[in-house]
Amino acid sequence: MTTSLVRLMETLERARDGDPCTNREWETKVIPETVKKYLKKFDLEQTFNNEEPVNQDPELADRFFEAGLSMAAEIGVLMVDTESVIRFSREEILEAVERAPDHVKLGRDSDRITMRTRRPEDKIPPVFAGPLSIQVSEELYIPITEGMLRSPHVQVQEGPSIDTVFGLPVYSGTPFETAAALRENRLRSEAQWRAGRCGIPNQSIASSTTEYGQLGGFAGQTRPDNPAICLILHPAELKMHYASFHKAVVGMGYGGYIYSGSYAMIGGYSGGAEGATLTAIATELLQFPLMQCHFSAGTIYDIRFDSSCNRHSLWAMSVASQAISRNTHVLFAKMINQTAGPGTYEILWNCAAGLLCAGASGMTYTVGPRSAGGRFKNYITPLETWFCGQAFHASAGISLEKANEIVLYLLSRYEDRLKEMPKGRSFPECFDIRTLEPSPEWRKIYDDVCDDLATRGLVLDRK
Amino acid sequence: MKNIFLPLSEAIRDGDETRGLEEIDILLGAGVAPVEIFSGCVEPTLNDVGEKFAALIIFLPELMLSGRVVTKIQAKIKPLLQGDDTDGLRGRKAVICTVNGDTHDIGKNMVKLMMEVNGFEMHDLGTDVPAIAIIKKAQEISADLICLSGLMVPSLPFMRETIELTRAKPGLEKVKVMVGGGPVTREWADTNGADGYADDAVGAVRMAKDLCGE
Ligand code: B12
């Protein structure tokens with residue numbers, strides 16, 4: 001599929017002409033009322049099932065899909081800079097979904113992979129990118145990254161991001177950020193070269209907090225024989241802003257892959273788990289006409305726990321993923337938001353629950369981990385990144401029933417302490433910076449969890 | 001809750017401003033003291049609304065609408081509270097925003113809402129706000145507090161810059177600066193000259209009251 005800048009300009013024009021609506025009205029009236037209407041119309045209220053964080057009811061997922069599609073065609077997306085609504089008809093949405101690819105080839109040489117459409121319980125393995133844009137010191141960027149790329153289960157590279165550029169703070173939205181993007185590209189190449197992963201596909205300028213880094217750095221990251229993935233995150237579910245269009249322009253203009261979406265928050269504008277599921281599906285579908293994306297994202301997040309590894313989020317992620325994967329051929333992702341930090345059992349339980357739930361439910365792609373909630377500098381290590389890739393890949397071919405059984409077990413290990421997940425230890429505290437090997441304690445935790453999972457039916461390839 | 005307060009409580013829960021203000025007129029007409037309206041109705045209703053939010057019975061939009069009704073009620077009642085001023089009702093003014101380069105706003109909105117319903121007059125500058133705009137607003141409204149939210153590590157230098165600028169500006173000597181959001185910790189707040197830190201919206205209100213000497 002080729003994207004078209006002309007079509008993107010037409011969408012932008014639609015934003016300028018759209019019906020007016022204020023941000024406040026959108027958040028407090030339009031989203032909640034539309035969500036309620038469609039939940040009621042399709043008989044989806046109170047469908048959250050405590051015992052099935054991995055959904056076992058395909059008919060429910062299909063009903064959510066129909067509801068999400070109908071809602072998407074009514075509500076559209078609010079453009080926050082112009083306070084106007086961009087709408088697409090049902091036909092336009094379906095046509096764009098139809099046009100979207102069912103597979104894409106990424107990377108080159110020995111790092112070449114194909115991301116393919118999946119269905120629930122699919123044997124085709126999903127694709128894993130690591131890690132998220134978590135801040136690390138400039139001098140630790142190369143060792144951390146080289147370490148992560150040592151595992152073949154890390155197939156695409158996004159993060160980490162740097163918090164200084166030549167020793168100075170990266171003030172976002174200023175030339176410091178633009179320079180950080182160029183610096184990150186250099187550091188990336190060096191780390192990839194050291195790890196023997198020069199052909200790995202790249203995703204986004206991770207140090208780009210606003211559009212500046214992406215605008216300045218994308219051209220230097222993408223290559224004709226290895227197009228980079230342009231990540232575009234909108235300000236909230238069913239919202240858009242000029243910054244997203246800025247990124248899309250460079251992404252398309254330089255021949256990259258477009259990957260766009262946003263979060264749907266449990267407890268937020270769409271309501272509870274059912275509302276967030278519906279909004280995530282609508283958000284996902286709207287990415288195709290809006291951004292002409294190659295793959296979309298509608299991540300679920302629970303604002304009460306700052307996590308997507310709690311029961312409500314897992315259920316919503318499972319239903320939304322099954323809805324999309326059973327009813328379309330599109331490629332899509334959702335992020336798993338761990339809150340525990342490196343060097344703890346809890347982070348591995350968080351990761352395994354989220355990734356198994358996602359993989360068994362038909363998800364194609366994800367990026368992670370978000371160690372310690374992504375909140376603290378240098379709190380990310382290669383080991384939990386490898387573990388994520390291994391667990392996501394091991395989820396291929398697992399039945400929904402088995403996945404549910406394992407996820408319920410994992411929940412029993414951490415669920416009651418979700419608000420007090422341990423921060424864990426930073427990279428220098430639990431890794432040998434020279435050999436890039438985990439400390440014996442961290443390795444033991446990893447082995448314990450892998451052994452435990454293996455006895456329960458999830459066997460990780462510990463590479 | 002006394003029966004007489006039930007209609008007002010319902011109006012707050014429903015986010016119905018018009019009915020809320022009508023109910024206030026009725027209660028005042030019946031001779032109920034303004035302070036009692038707060039302690040007997042508004043506060044318990046808000047506590048209940050907060051618990052329902054935590055239990056996923058209601059959500060952010062409902063919370064925002066209820067907050068708005070309470071703010072309107074406060075504006076109406078404040079002039080009537082000469083002698084019997086109550087905790088949190090002294091019309092303290094605060095500027096709140098997410099700092100430069102950062103557009104994360106959910107946490108900031110929750111803090112704003114909780115402070116608003118606790119009697120603070122909140123001036124929300126939105127997201128991605130430069131230090132100078134924050135300072136100007138604080139000077140313009142003679143703010144008691146500046147509340148800065150930042151979710152990313154690159155937001156921290158901007159926060160520090162805002163704190164430094166606040167300290168340097170004449171007329172803002174008494175303004176207290178409160179900080180919060182993902183990468184901000186108590187330690188960061190202490191070492192960078194902030195007056196207060198909290199890791200959630202309830203803590204933010206407690207801290208704001210402390211800083212305002214209540
Ligand atoms: C949702 C989200 C988004 C949404 C934002 C939606 C919105 N409208 O806010 C979107 C998708 C747009 C987004 C974009 C980006 N994000 Co973001 N995002 C998050 C996420 C997952 C959750 C944040 C959230 O809303 N939490 C829920 C609220 C309720 O919690 P809270 O904000 O912490 O607020 C509470 C307290 O902190 C406190 N508090 C908050 N403010 C204040 C203020 C005061 C004064 C006080 C006292 C207390 C207080 O009270 C609140 C209520 O309890 C976090 C992960 C995380 N762990 O935080 C990442 C995160 C913050 N994002 C991150 C990044 C990198 C980005 C992007 C750069 C991604 C990209 N490459 O494009 C962009 C940047 C956009 C920008 N310029 O700001 C990183 C930051 C890394 C770092 N440490 O620097 C995080 C940590 C994720 C990660 N990589 O691991 N993001």
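Guide: About 2,200 Å² is buried between chain A and chain B, with carbon and sulfur atoms giving 67% of that area. Keep in mind that this is a predicted model. In terms of contacts, 26 residues of chain A touch 26 residues of chain B.

What about charges across the boundary? The rule finds 1 salt bridge between the chains. It pairs the side chains of A:Lys36 and B:Glu62, at 3.8 Å from N to O; the cut-off is 4 Å. Polar contacts between chain A and chain B come to 2 residue pairs, both residues at pLDDT 80 or more. On chain A's side, the elements that give two or more residues are α2 (23-41) and β13 (257-266). Of these, α2(A) supplies the largest share, with 5 residues. Sorted by class, chain A's side holds 9 nonpolar, 11 polar and 6 charged residues.

B:His104 is the only protein donor of the ligand's cobalt atom, through NE2 at 2.3 Å. You'll find B:His104 in the loop between β1 (93-98) and α5 (106-117) of chain B.

Staying on chain B, there's a salt bridge between B:Asp25 and B:Lys76, whose closest N and O atoms are 2.7 Å apart. This one ties together distant parts of the chain: B:Asp25 sits in helix α2 (residues 17-29), B:Lys76 in helix α4 (residues 60-77), and 51 residues separate them. B:Asp25 counts as partly exposed because its relative accessibility is 41%, and B:Lys76 is partly exposed too, at 31%.

Salt bridges that share partners also join A:Arg108, A:Asp109, A:Arg223 and A:Asp225 into one network. Within that group, the side chains of A:Arg108 and A:Asp109 meet at 2.9 Å, N to O. Elsewhere on chain A, A:Arg443 and A:Glu437 form a salt bridge at 3.5 Å. A:Arg443 is partly exposed at 29%, and so is A:Glu437 at 37%. Over all chains, a search of the whole structure turns up 43 salt bridges.

Let's finish with some individual residues of chain A. Beyond its sequence neighbours within four places, A:Gln338 contacts residues including A:Cys309, A:Asn350, A:Pro369, A:Ser371 and A:Cys388.

A:Ser318 belongs to helix α10 (residues 311-327) and is buried, at 0% relative accessibility. Leaving out neighbours within four places in sequence, its contacts are A:Pro53, A:Val54, A:Asn55, A:Cys357 and A:Ser361.

A:Glu121 sits in the loop between β4 (113-116) and β5 (127-130) and is partly exposed, with a relative accessible area of 37%. Outside its sequence neighbours within four places, A:Glu121 touches A:Ala360, A:Gly397, A:Ile398, A:Ser399 and A:Leu400. A:Leu418 is another matter: its C-alpha atom is separated from that of A:Glu121 by 28 Å, with the two residues 297 apart along the chain.

Terms used. Residues are numbered from 1 along each chain as its sequence is written. Chains are lettered from A and ligands numbered from 1 in the order in which they are written. This is a predicted model: local features need pLDDT of at least 70, side-chain atom pairs count only at pLDDT 80 or more; totals for chains, interfaces and linings use all residues. Side-chain values use heavy atoms; hydrogens and water are left out. Contact means heavy atoms within 4.5 Å. Buried area is the accessible area (1.4 Å probe) that two parts lose on being put together, summed over both. A polar contact is a pair of N or O atoms within 3.5 Å; within protein, one must be able to donate a hydrogen and the other to accept it, and residues adjacent in sequence count only if both atoms are side-chain atoms. Helices (H or I, at least four residues) and strands (E, at least two) are DSSP runs, numbered from the N terminus. Ala, Val, Leu, Ile, Met, Phe, Trp, Tyr, Cys and Pro count as nonpolar, Asp, Glu, Lys and Arg as charged, and the others, Gly among them, as polar. Buried means under 20% relative accessible area, exposed over 50%, partly exposed in between (1.4 Å probe, protein chains only). Donors are N, O and S atoms within 2.8 Å of the metal (3.2 Å for Na, K and Ca); water is not among the atoms, so sites may look incomplete.
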